[in-house]
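Visitor: I am new to this structure. Please show it to me, and then let me ask some questions.

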Amino acid sequence: MKLYNMNLSNFATKSRIVVYEKGVNIEMAPIPGAGPSSPEYKKINPLGKIPTLDADGTIIAESEVINEYLEDKYPNPPCCRRRRRAARTSARSPASTISIWNRPCARSFRSSIPRPATTRS
Ligand SMILES: N[C@@H](CCC(=O)N[C@@H](CS)C(=O)NCC(=O)O)C(=O)O
């Protein structure tokens, strides 16, 4: 597997961080030809955008998609996105519990708020 990337590309850096965080052995490949718009690179990624992952013959473009692929293929250690998801869930749980189980309380509060005018008669 190889990741076509360039040191100064912020999008490539997003994917490089995931590769390094997971500690997987993925070759860091330079962009062939004279740059991203070179015919050599466009044979790999016709849009000429960096990064591109060559996953043993399957070409994957877009840093977010590459990162999701890496997360699925190498779930451990989980990357930042999954840790954020876990953090979001732990914040949602008490919020949801309050909104579901304190409904009578919420209803009485809502009834004290004047309803907005509607166009329906
Ligand atoms: N949405 C793409 C953006 C990729 C992108 O725009 N990369 C820049 C480098 S940071 C690039 O390839 N620029 C070369 C060009 O547009 O010709 C991604 O997330 O991978």
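This is a predicted model: local features need pLDDT of at least 70, side-chain atom pairs count only at pLDDT 80 or more; totals for chains, interfaces and linings use all residues.

Visitor: Which residue has a polar side-chain atom 2.6 Å from an oxygen atom of the ligand?
Guide: Look among the residues that surround the ligand, including Ser9, Asn10, Glu62 and Ser63. A polar pair must lie within 3.5 Å to count as a contact. At 2.6 Å from a ligand oxygen, the residue with that polar side-chain atom is Ser63.

Visitor: What share of the ligand's accessible area does the protein cover?
Guide: Take the ligand on its own. Its accessible area is then 510 Å². Of this, the protein covers 70%.

Visitor: How many residues apart in sequence are the parts tied together by Glu64 and Lys14?
Guide: These two form a salt bridge, with the closest N and O atoms 3.1 Å apart. Both are partly exposed: Glu64 has a relative accessible area of 33%, and Lys14 has 30%. Glu64 belongs to helix 3 and Lys14 to helix 1, so the pair joins parts whose separation in sequence is 50 residues.

Visitor: Are Glu71 and Lys22 buried or exposed?
Guide: They form a salt bridge, their closest N and O atoms being 2.9 Å apart. Glu71 lies in helix 3 and Lys22 in helix 1, so parts 49 residues apart in sequence are tied together. Buried means under 20% relative accessible area. Glu71 has 9% and Lys22 has 8%, so Glu71 is buried and Lys22 is buried.

Visitor: Which elements each supply at least two residues of the largest nonpolar core?
Guide: That core has eleven residues, among them Leu3, Val18, Leu53, Ile66 and Cys79. At least two come from each of these: helix 1 (10–22), strand 3 (52–55) and helix 3 (63–73).

Visitor: How many residues make up the second, separate core?
Guide: Its members include Ala12, Ile31, Tyr41 and Ile44.

Visitor: What is Cys79 in contact with, leaving aside its neighbours within four places in sequence?
Guide: Cys79 is part of the largest nonpolar core. Here contact means heavy atoms within 4.5 Å. With those neighbours set aside, the residues touching Cys79 are Val18, Glu21, Lys22 and Glu71.

How values were computed
Residues are numbered from 1 along each chain as its sequence is written. Side-chain values use heavy atoms; hydrogens and water are left out. A nonpolar core is a set of buried Ala, Val, Leu, Ile, Met, Phe, Trp, Tyr and Cys residues joined through side-chain atoms within 4.5 Å. Buried means under 20% relative accessible area, exposed over 50%, partly exposed in between (1.4 Å probe, protein chains only). Helices (H or I, at least four residues) and strands (E, at least two) are DSSP runs, numbered from the N terminus. A salt bridge is a side-chain nitrogen of Lys or Arg within 4 Å of a carboxyl oxygen of Asp or Glu. A residue is near a molecule or strand if one of its heavy atoms lies within 4 Å of it. A polar contact is a pair of N or O atoms within 3.5 Å; within protein, one must be able to donate a hydrogen and the other to accept it, and residues adjacent in sequence count only if both atoms are side-chain atoms. Accessible areas come from the Shrake-Rupley method with a 1.4 Å probe; for residues, only the protein chains shown count as cover.
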